[in-house]
Amino acid sequence: MVVADRDHLHVIQEEDGSKRRQILDGARKVFMKLGFDGASMGEIARAAQVSKGTLYVYFADKTALFEAILEQEALQHGQVVFNFDPARDAETTLKEFGLAYLHLVCRPGGGSAIRTVMAIAERMPDVGRRYYARVLDKSINLLSGYLNARVASGDLRIDDCDLAASQFMELCKASLFLPFVFQAAPAPSEQRMSEVVGSATRMFLAAYKAT
């Protein structure tokens, strides 16, 4: 029996991962430029500088490629650490979360996946549902859990923390996210994000702060 050398296997795995990232980087550029419907496996292979044969070794079709890109997007969201220590005061926590959330959704290039998902969600609802669950709903649930803790401590008075979490996130995006995602405006400045999040926090606490 021949036993494969572990170092050799490690090199192969690294090369395999590098090639996969190369393909995903090329696919992302094509999807950004042409959208999901306009993209083809041939265009993606050219952008990734691989043969179509190599492309099909890694991904069966462009749907699988696009889902892999969305999975990367979900991982990026998951790597952002929000400090939801139940003992922290609501104003500080909300402001920090709002800024971190805006940096995530309004980062340069960050709107491409959302635009493409919105464009295909009606025809491919499973893709839309998975993206929502892995990226957007996850942030809502984290904030909702923190709000529940502050309600239990008597700091906030909220009947529906899921709704309140969604409301706060929408307040933070007001005037910033839609112009950005529809390319009517560039990514917002740090100062503008701070102003909007500050306003969102004041409005939120005016409605839900226990008196």
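**Exercise 1. Locate Arg150 in this predicted model, and determine whether Arg150 is buried or exposed.**

Solution. Step two is to consider its accessibility. The cut-off for a buried residue is a relative accessible area under 20%. Arg150 has a relative accessibility of 11%, and therefore counts as buried. Step three is to list its partners. Beyond neighbours within four places in sequence, Arg150 contacts Pro86, Ala87, Arg88 and Asp89, together with Asp155 and Leu156.

**Exercise 2. Describe helix α8 and its ends.**

Solution. Begin with the extent of the helix: α8 covers residues 161–173, 13 residues in total. From first C-alpha to last, α8 reaches 19 Å, close to the 18 Å expected at 1.5 Å a residue. Next, examine the N-terminal end, which is capped by Asp160; one of the side-chain oxygens of Asp160 lies 3.2 Å from the backbone nitrogen of Asp162. Finally, look just after the helix, where Ser175 adopts a positive phi of about 70 degrees.

**Exercise 3. Identify which residues of α8 are buried and what covers them.**

Solution. The buried residues are Cys161, Ala164, Ala165, Phe168, Met169, Cys172 and Lys173. Their cover includes α5 (90–105), α7 (125–152), α9 (177–181) and α10 (190–208).

**Exercise 4. Summarise the protein as a whole.**

Solution. First, count the elements: there are 10 helices and 0 strands. Third, consider contacts with a separation of 6 or more, of which 72% join residues 24 or more positions apart. Lastly, the accessible surface comes to about 11,900 Å², with 54% belonging to carbon and sulfur atoms.

Note on methods:
Residues numbered from 1 in each chain as written. Predicted model: local features only at pLDDT ≥ 70, side-chain atom pairs only at ≥ 80, totals over all residues. Heavy atoms only, no water. Helix = DSSP H or I, 4+ residues; strand = E, 2+ residues; numbered from the N terminus. Expected span 1.5 Å × (residues − 1). Buried < 20%, exposed > 50% of the residue type's maximum accessible area, 1.4 Å probe, protein only. Contact = heavy atoms within 4.5 Å. Polar contact = N/O pair within 3.5 Å; in protein donor to acceptor, adjacent residues only side chain to side chain. Areas by Shrake-Rupley, 256 points an atom, 1.4 Å probe, with all protein chains shown as cover.
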